[in-house]
Amino acid sequence: MFSLYILIIISLLIAAGAFLLYIWAVKTGQFEDLEETKYQVFDEDDDEVPTKPQNGTKTK
Amino acid sequence: MQKGTHFYCDHCSKLTPEKKLTKTPVNGVERHFCCPGCELSFKVLKQVGYDDYYNLQRKELGLGEERGAVILTEEEQARMDELYREFVQGSGEIKLVYLKIEKIHCAACVFANEEIIRKLPGVLEFNINPGTHRSKIRWDNRLITLAEILNTIANIGYYAYPFHPSKAKPTLDAETKDLTMRLGASALISMNVMLLAIGLYAGYFQGMDPQMKAFLQWINMIMTIPGVFFAGKPILQGAWYNLKSGSPGMDVLIALGSLAAFFLSVWHVITGVGETYFDTANMLIFFILLGRYVESKAKQKILKETDKYDDYRVETVTKIHDGIRINSGLDDVAKGDFLEFYPGDILPVDGVITNGTSAFDESVLTGESIPRQKTSGDQVISGSRNLDDTFIMQVTSVGDGTIFSRVLELIEDSQLSKSPISRLVDQVSTKFIYFILLSASISFIWWNLTSGFEIAFPIAISVLVIACPCAMGIATPMALLVGTGESLKRGVLIKSGEVLEELVKVNQVVFDKTGTLTTGIMKVVAVHEFDETVDKTELYSALAHAETEVYHPVARAIRTHFFGLTGKYEGYSDFAGFGGKGITFQTGSYKVAAGNTKLMEDEGVEFLSHLGLIKSIAGNGHVPVLIAVNGTLVSILEIADEIRTEAKETLAKLAEMKIPVIILSGDRKENVNQLARVLGLSQDQVKGELSPEDKANEIRKLIESGKTVMMIGDGVNDAPALSLAQVGISMGEGSQISLDSSGVVLLNNSLPSVVKSITLARATYSKIRQNLFWALFYNVVMIPIGAFGILIPIWAAAAMSLSSISVVFNSLLLRRTVSSSFRRMGY
C-alpha cells in the first residue's frame, strides 16, 4: 500500500516534466506550422543549399 | 497627492517620505515617484495612452478620479500621433484606423464594445468583426482622440491596438500559440486528474481507505490549481471583464461552472467530507479551449488566402527627374511624376503609360490570368505586374488613392461588416445568457429541494455549460468569412453583409446596354465594296491616318481596323472634318469623302442605288460609313458596338435561375430592339431612348412593385439608377467610380460574375441559416437534457464544444458547395 503513495508521486513528477517539456515546445514554436515541415526539403534557401561539390570542398 | 510629509508615488501609489521621492515634471505637471523604475513605467504607460490605469487604481485607494490624466497636452497628442501615424488614415479631422481588439470571445463581448464605444461623442463608425476581432473606427479628431478611445476600450477590459489590415497574421499566430500552450496544458492536467478521479469513483462504490482517499483528493486539488488558473486564465479573465462591463458573455457561464466545481471540491477536501469534482473543473476548461483552438485554426486558414496581397507591396521605384533616373521611396512619389518600370516589377501606383508597350498581369485584382497588352495612353493599375518590357508612365494616383489600396480597403470592410441577421443574433444571444443563468438557478433550487445538494450541484453546472450560446454567436460570422473569401477568389467583391442579404433576394435584373451587354467599343464588322478599280490598300491606309485627326468612336474603329495595312501609302492632304458628318481629304490622285449620307449629299455623291444596304445596316443597329472616291461611292463600312461574348450565356443562366431580365438603354429604339433579337429577349423586355433620370424612374417603379432589383450598368451615366437599385454593379474598367457606386464590385469586369455573385450569396446565406438552425436546435434540445440531470457536467461541456466545432466545419464546407455548384453551372 505504501508503494502506491511513492509511485503516484513519481508518476506526478514525470507528468510535471512532460508538462514543462510541452510548454517549452510551444514557446519555441515547435507546433507552429505542422503543414509546412514536410515541404522543407524542397526549399531552396540560399544559406542552406550546397553548391555543386568541388574537389576538396565539403558540402553542408 | 500630499499626505503629511509623505507623498503617493504616482505610479505604484506607495506612500513615500518626501526626502526619498523623485520629483520629475512629466508633460508640464510635477509628478512624484518612489523609484526610477516607477518613473519609467509611468512615462511608458502615459505614452501608450493607458492613463486610466491610474484612475482605476486611485478609485481602489479611495482617492477619487483624476480627470486631468486623460486630457492630453498638445505635446502628448503630438507624440501619440507620431506613435500611431503610420496606422491612421484620412486627412482633415475625420480619421480612420483599423484596430485589433484582444480578449473578445463571443457575441456579447462584441456587443459590449460596440455599445460603449459608439456612444462616445465624436465616434462616427465602429464595427467589430466577431470572426477576426478586427475593427474599423472612424472618428472626428476635434471631439475625441485615438488615445481616449483606446483608453475606454482598455477600461472595459479589452486591449485594442492599431494595425495594418495586411499585417494581421502575426498577432493571430501569437494568439493561436498561446491557445496551443493552454490547451495542451489543460489536456495533460485533465488526463491525470481524470485518472485519479476514476480511482476515487471506484472508491466511492467499493469503499476505500480514507487515508488513500484524502491523499488522492489532495493531489487532484494541487494539479487542478494550474489547470483552472493557468490553462483557464483567458476564460477567467474574459469572465471578469464581462462582469465589470455589466454584459455577461459565455465566459461567465464557463468560469462560474468551473470555479464552483473547484471551490466546492476544495471545501470538501479541507473538511474531509463529501466528494470532489476536480475532473469537472478541468474538463470544462479543456473542452472550451478545444473549441476555441479549432475556431482559431480555421480563421488562420482563411486569412492565409488574403495574405497573397502582402507580396504586392513595393517600397521603392525608379523615378525619372529631368531625364535622370533615381531610386526613390514610395513616399516621395507624387501625382504627375514619371516612373520607369522593368519587366517583373509590380506597380505600386496607378498611372498612364507615356512611353513603351508591355503586357500586364492584373490577376491579383481581377483573377484573370491572361496578360493584357497596353501601350502609350493606356491606363495601368496598381497591383499589376509588368511582364514584357521596360516602360515609362506618369502617375495618376498614389498611396491610399490607388485602385489597389481602395480594393484592399473594401475587402477589409467587407470582412468587417455585419449583416443585419448577425446583429440580431448578437442581441438575442446577449439576452439569452440571462435566461441561462435563470434556468440554472431554477434547476438547482428544484433538485436541491427534491434530491439534495449532491445531485443538484452538478446539474446546475451542466445547465450553465450546455446552454452556452457560442455556436449561435459564430454561426453567421464564420459563414460570412468563408463566403466572402470564396467570392474574392472568383473576382467578386461583395462590399457588405447587407449587400449579401439583398443579393439573395434579387428577383429582377436590369442591364444597361452600351458598355455592359456590349463592349462599348466600336468595331468595323463588315466592309462592302463596289468599285474594283480603286486601290483599296492605298485608300484605307490614308483613311486610317486621316481619321487620327478626329476624336470619335467611329473614327477610332476605322483607325484600329485599317492601321498596319502594308502597301502603298501616299500620305494625305487637304484634310477637312465635318462634325457629325464625316471627313474629306486628298491622297495621291484620290479625293476621298468618308462619312454618313448627309456628307454624301453635301459632296454630291450618288448613293441611292445602295439605299437598301444602308437601311439594312442601320436596321441592325449598326453604323454605315460611306466612302466615296472622286465623287463615286466605292465602299460602305459597317461599324458596330460588339455584343460581349458572354452576354447570351449570362442571360440564359439568369433565365435558368428564373430571374427576369430587362434592358434599359439610352440608345435608339431600333438598336435596342435589334440587341433584344440577337440575345433572344422579347420586345417588352427592352426599353430604349431613356435618359439617366428615366432609368432611375424605371428602377423606382420596379422597387415600388415589390421587386428586389439588381442593376448592372457602366458607372458613369447610370450612377442614379445604380445607387437606387438594391444591388448596383458597375462594369467600369476597375475605375474609382465603379468601386464607389456599386455594392458588388466585379474585379474581373466580366458578365458571368453577375451570375456568380448571386450564386455565391445564395450559398453563403443558406449556410448561415443552416448554422443558425443547428445552433438553435442544439440549445433547445440540450437545456432540458441538462436540467433533467441526464448529462453529467463533463459531457455537457463536450457537447457544447462539439456544437461550436460543427458550426466551424459546416462553414468550411461552404467552399465545397460553391465549387461544386459552379462546376454544375459550367464555370
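1. In chain B, strand β20 (residues 508-512) and strand β29 (residues 709-713) pair in the parallel sense over four bridges, and within this pairing Gln508(B) stands opposite Val709(B) of β29(B). Two strands are taken to pair if DSSP finds at least two bridges between them, while strands (E, at least two residues) and helices (H or I, at least four residues) are DSSP runs numbered from the N terminus.

2. On provenance, this is a predicted model, in which local features need pLDDT of at least 70 and side-chain atom pairs count only at pLDDT 80 or more, whereas totals for chains, interfaces and linings use all residues. Residues are numbered from 1 along each chain as its sequence is written, chains are lettered from A and ligands numbered from 1 in the order in which they are written, and side-chain values use heavy atoms, with hydrogens and water left out.

3. Chain B has an open sheet of seven strands in the order β19-β31-β30-β29-β20-β27-β28, with mixed pairing. At its edges stand β19 (492-494) and β28 (686-687) of chain B, each with a single partner strand, so one side of each is left without a neighbour in the sheet.

4. An open sheet of four strands, also in chain B, has the order β7-β8-β6-β9 and antiparallel pairing; its edge strands are β7 (123-128) and β9 (159-162), each of which pairs on one side only. Neighbouring strands of this sheet are turned by 25 degrees against each other on average, direction ignored, where axes are lines fitted to C-alpha atoms (for helices over the stretch in contact) and angles run from 0 to 180 degrees between N-to-C directions.

5. Within that sheet, β6 (residues 94-102) and β8 (residues 134-140) of chain B pair in the antiparallel sense over seven bridges, and Ile94(B) has Asp140(B) of β8(B) as its bridge partner. Helix α5 (residues 146-155) of chain B lies across β6, β7, β8 and β9 of chain B, running at about 25 degrees to β6(B).

6. Strand β13 (residues 350-355) of chain B pairs in the antiparallel sense with β18 (residues 391-397) of chain B over five bridges, and Asn355(B) has Ile392(B) as its bridge partner in β18(B). β13(B) also pairs in the antiparallel sense with β16 (residues 379-380) of chain B over two bridges, where Gly351(B) stands opposite Val380(B).

7. The axes of helices α22 (residues 647-656) and α27 (residues 752-787) of chain B come within 8 Å and cross at roughly 25 degrees; α22(B) and α27(B) are therefore roughly parallel to each other, a term for angles under 35 degrees. Their contact (heavy atoms within 4.5 Å) is made by Thr650(B), Lys653(B) and Leu654(B) of α22(B) and Pro752(B), Val755(B) and Ile758(B) of α27(B).

Notes
Angles under 35 degrees count as roughly parallel, over 145 as roughly antiparallel, 65 to 115 as roughly perpendicular and the rest as oblique.
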